[in-house]
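Please look over the sequence and the model below before reading on.

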Amino acid sequence: MRLSVAIAGDKALPSAFVVWRGFRDSMRKASEYGYDGVELALKTAEDICPDDLAAWLAQYKLEVSCISTGQVFADLGLYFTHPDRSVRDKAVEVFDGFIGLAKDFGRLVNVGRVRGFIAESQTCSQMENLFIETMERVCENAEKHGVTIILEPVNRYEINFVNNLDEGSRLLSKLSYRNVGLMPDVFHMNIEDDRIGASLKRNAAWIKYIHLADSNRLAPGQGHLDFEEVFSGLREIGYDGWASVEILAKPDPDTAARQAIQFLLPKIRQYNLNK
């Protein structure tokens, strides 16, 4: 298992849920603190120049763990279940850009709240059909480039569609593509899943990536979430992918990033020894 940290560009809106902002400086800090990689939170693929990205990754000896897409929903207002076909088309276009970037950097693109929600004018069945239709279009292009699309369950207080891993697995099983997976976030799991360890084991076949944060969304170790259960569950399923720190940047970004790696790195080193 390797550890990354969520970052964004310096022009990202305050709604971008990351630890650091400013790509180059964030990568420098991530390397200095001991992270193995960075998760790029982007609004569109044009947010970052691929040549610059490659140069910075080489300079700081990092990798891209994943491209995350929360700003597509929060900033651009695009999502997969929008009743207007032209809006769904625009979402697919934006994801095609991410896929073009991800084929050379990380090969993982996340689908968080951009999946959409059940609107008052929609039935659950209608919304699922729209999601599947749009997701299949995204997956078709991603498959051509060796990219995997990972669905992140999010708690009920933020969205009303796909709140836990079981729901995510059920929905993914309806797709005709298999370059898909789940992106568990233990903060959301702590709210929605019956037991974190048990849910990880039930849904092991789909898990491709994981977000780590404590029960209060602060750095791991600053709340009451049972990380022994988290790592035990991951060990039982033989997980060997990325773990990424997506937390509130409090009390300040540098302190939060330092708290996270000081808590997590010994656990990950022990995990890797015993896997």
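Which residues of α4 meet which residues of α5? Before the answer, a word on the source: this is a predicted model, in which local features need pLDDT of at least 70 and side-chain atom pairs count only at pLDDT 80 or more, while totals for chains, interfaces and linings use all residues. Residues are numbered from 1 along each chain as its sequence is written, and side-chain values use heavy atoms, with hydrogens and water left out.

On the α4 side the residues are R85, R88, D89, V92, F95, D96 and I99, and they meet L130, E133, T134, R137, V138, N141 and A142 in α5, where contact means heavy atoms within 4.5 Å. Two packed helices are described by the angle between their axes and the distance between the axes. For α4 and α5, the angle is about 30 degrees and the axes are 10 Å apart, which makes α4 roughly parallel to α5. The axes are lines fitted to C-alpha atoms, for helices over the stretch in contact, and the angles run from 0 to 180 degrees between N-to-C directions; angles under 35 degrees count as roughly parallel, over 145 as roughly antiparallel, 65 to 115 as roughly perpendicular and the rest as oblique. The crossing in which α4 passes α5 is right-handed, a term that applies if the near helix is turned clockwise from the far one by less than a right angle, with left-handed used if it is turned anticlockwise.

From α9, the residues F227, E228, F231, L234 and R235 meet F263, L264, K267, I268, Y271 and N274 in α10.

Turning to the strands, β5 (residues 108–111) has L108 and N110 pointing one way and V109 and V111 the other way, and all of these are buried; buried means under 20% relative accessible area, exposed over 50%, and partly exposed in between (1.4 Å probe, protein chains only). Strand β5 runs parallel to β6 (residues 148–151), and four bridges join them, where two strands pair if DSSP finds at least two bridges between them. Within this pair, V109 stands opposite I149 in β6. From β5 the chain crosses through helix α5 (residues 124–144) to β6 in a right-handed β-α-β crossover, meaning that, with the strands pointing away from the viewer, the path from the first strand over the helix to the second runs clockwise.

Another parallel pair is made by β3 (residues 37–41) and β4, joined by five bridges, with E39 opposite C66 in β4. Here the chain passes from β3 through helix α2 (residues 50–60) to β4, again as a right-handed β-α-β crossover. Because five of the six residues of β4 (residues 63–68) are buried, this strand is largely enclosed by the rest of the structure. In helix α2 lies A54, which is partly exposed at a relative accessible area of 34%; its C-alpha atom is separated by 9.7 Å from that of V64, 10 residues apart along the chain.

In the loop between α3 (70–74) and α4 (85–102) is L78, which is buried with a relative accessible area of 8%. Leaving aside neighbours within four places in sequence, L78 is in contact with V72, F73, V87, K90, A91, V94 and V114.

Most residues other than glycine have a negative phi, and most peptide bonds are trans. At 42% relative accessibility R107 counts as partly exposed, whereas V162 counts as buried at 4%. The peptide bond from K250 to P251 is cis, with omega near 5 degrees, and P251 is in the loop between β9 (242–245) and α10.

Technical notes:
Helix = DSSP H or I, 4+ residues; strand = E, 2+ residues; numbered from the N terminus.
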